[in-house]
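Here is a walk through one protein model, written for someone new to structures.

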Amino acid sequence: MSRIVGPADYHGRGATGPVFSGGYLFRLVREAGVKGVLALISAAAAAFLPLIVLLWFNFFRFDTVPLTAISRNVQVKQEQTTDDAESEEPGETALLQIFCEVPNADGWRTLYAFDDPARNANEEIIPLFASHEAVYLRPRREMDLPFALLGLPPLSIWLPAGDYEILVVYRPCSDWNADRDATPMLPLAASRCDCTLEDGQRTVVRVPLPHHEEPLGIPLRDASGEQAASPERLAPFCRAIEQTTAVPTPGGVLLNLPEPTVRHQDEHRECTVHFDELAAVNREWTREQLAELRAWLPAEATATRNRLDELIRSLDWRAFFQGWYCYVAAGVSGLVLTRWGAISLLEPVNRRRALYESIRIAVAVFLLAAGAWFFWSLLTGAGGCRFGGALPKRPF
């Protein structure tokens, strides 16, 4: 026997009430029985599809080769204070702790975490702390595995025993004799070292960064004697950037770029950069590093800078879609569209009315979320994280 549709069915709370009253949808589902449950599930599956796509875009689509090349169960703690680092135990695996050191008048001094009290122990006038140095790691094997981005030093990493290569990428200093704002010889410098780890043992590695950007950093020299690399000498390097393939990773993008070779000397006083000798370095690049490279390139390298702009924009979009407001919008929209879809399936005669109500609620939620995000940004001064530009830190 068919049911007679009355005015109350159209308006939930009477002639002027909205369709989306408190128990309207659940009453429809309960009266329809199994059909109502199936309609609700079908509507929810379609309505929450944008949220599923958002989760895939932010997490599951990323390439995991750099980490799986080491182990599937790698644990990393970055920006550790001295007390935290000393309290860490290896457990059943090997524990590797990496610290970075920069030149000092008396030798070398350690880069500490920003909130580490140890960095003020010597009462230095300008105490240093790790801010943009990126630590990488990969197993030492015959094949050219990519370096995996670990984070800011000092850090602790638990991983299987074996032989590993450590890479630290940092900003180099400019020539002492040049203007203070002069462009450095390289956009990013790198220091490498090897280590061997044993199960159940702690290994501490201190990586020197001789060409660090601080005032006492030792500048790099061009092998040809020029003060800066000319566009002609950079042509092979620029072509490699233009033709490179970028693979999304949790820390940014994976690039296998041929980079100029640096030949180090004793005490690093006469280290030279050879732009005619390019060596491929397969590693993850953060947004901040891509921006450093773009700003360093000469203005004549238009095609190369445009290619870097594409990569930076893609990371900016990723950072935007990783914002909490996108999850809130997708979740609330899913709830609203679920109600509209279920009502449309169970009572098609109410479809148009339910659509108008859904659009109104969706617009109201969007405006409310935008306002909340705007005021929250003003209160917290949120403008992206310190490491990796606009991308969040890698979740471990």
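Let's start with what counts as a hole. On a 1 Å grid over the protein atoms alone, a cavity is a set of points where a 1.4 Å probe fits but cannot get out, while a pocket is an open set with protein on both sides within 12 Å along at least five of seven lines; a lining residue has an atom within 4 Å of a point. Grid points are joined across faces, edges and corners, and a volume is the space filled by probe spheres set on the points. By this rule there are 2 cavities of 30 Å³ or more.

Some ground rules: this is a predicted model, where local features need pLDDT of at least 70 and side-chain atom pairs count only at pLDDT 80 or more, while totals for chains, interfaces and linings use all residues. Residues are numbered from 1 along each chain as its sequence is written, and side-chain values use heavy atoms, with hydrogens and water left out.

Now for an open space: the second largest pocket has a volume of about 540 Å³. It is lined by 30 residues, and the closest to its centre are Ala 189, Ala 190, Ser 191, Val 262 and His 264. At least two lining residues come from each of β7 (162-170), β8 (189-197), β9 (202-208), β12 (252-263), β13 (272-285) and α8. The lining of this pocket divides into 22 nonpolar, 5 polar and 3 charged residues.

**Helix pairs**

Next, see how some helices pack. Axes are lines fitted to C-alpha atoms, for helices over the stretch in contact, and angles run from 0 to 180 degrees between N-to-C directions.

| Helix pair | Axis distance | Angle |
|---|---|---|
| α8 (287-296) and α9 (302-321) | within 10 Å | roughly 160° |
| α2 (24-32) and α3 (34-47) | within 5 Å | roughly 130° |
| α2 and α10 (324-346) | 10 Å | about 40° |

Angles under 35 degrees count as roughly parallel, over 145 as roughly antiparallel, 65 to 115 as roughly perpendicular and the rest as oblique. So α8 and α9 are roughly antiparallel, α2 is oblique to α3, and α2 and α10 are oblique to each other too.

Which residues of α8 and α9 meet? Arg 287, Leu 290, Ala 291, Leu 293 and Arg 294 in α8 touch Arg 305, Leu 308, Asp 309, Leu 311, Ile 312, Leu 315 and Asp 316 in α9, where contact means heavy atoms within 4.5 Å. These contact residues are 7 nonpolar, no polar and 5 charged.

Helix α2 meets α10 through Tyr 24, Leu 25, Phe 26, Leu 28, Val 29 and Ala 32, with Arg 339, Ala 342, Ile 343 and Leu 346 on the α10 side. That contact has 9 nonpolar, no polar and 1 charged residue.

Where does Pro 154 sit? Pro 154 is in the loop between β5 (148-151) and β6 (155-159), and the peptide bond from Pro 153 to Pro 154 is cis, with omega near -10°. Glu 79, in the loop between β1 (75-77) and α6 (82-87), has a positive phi of about 55° although it is not a glycine.

Note on methods: Helices (H or I, at least four residues) and strands (E, at least two) are DSSP runs, numbered from the N terminus. Ala, Val, Leu, Ile, Met, Phe, Trp, Tyr, Cys and Pro count as nonpolar, Asp, Glu, Lys and Arg as charged, and the others, Gly among them, as polar.
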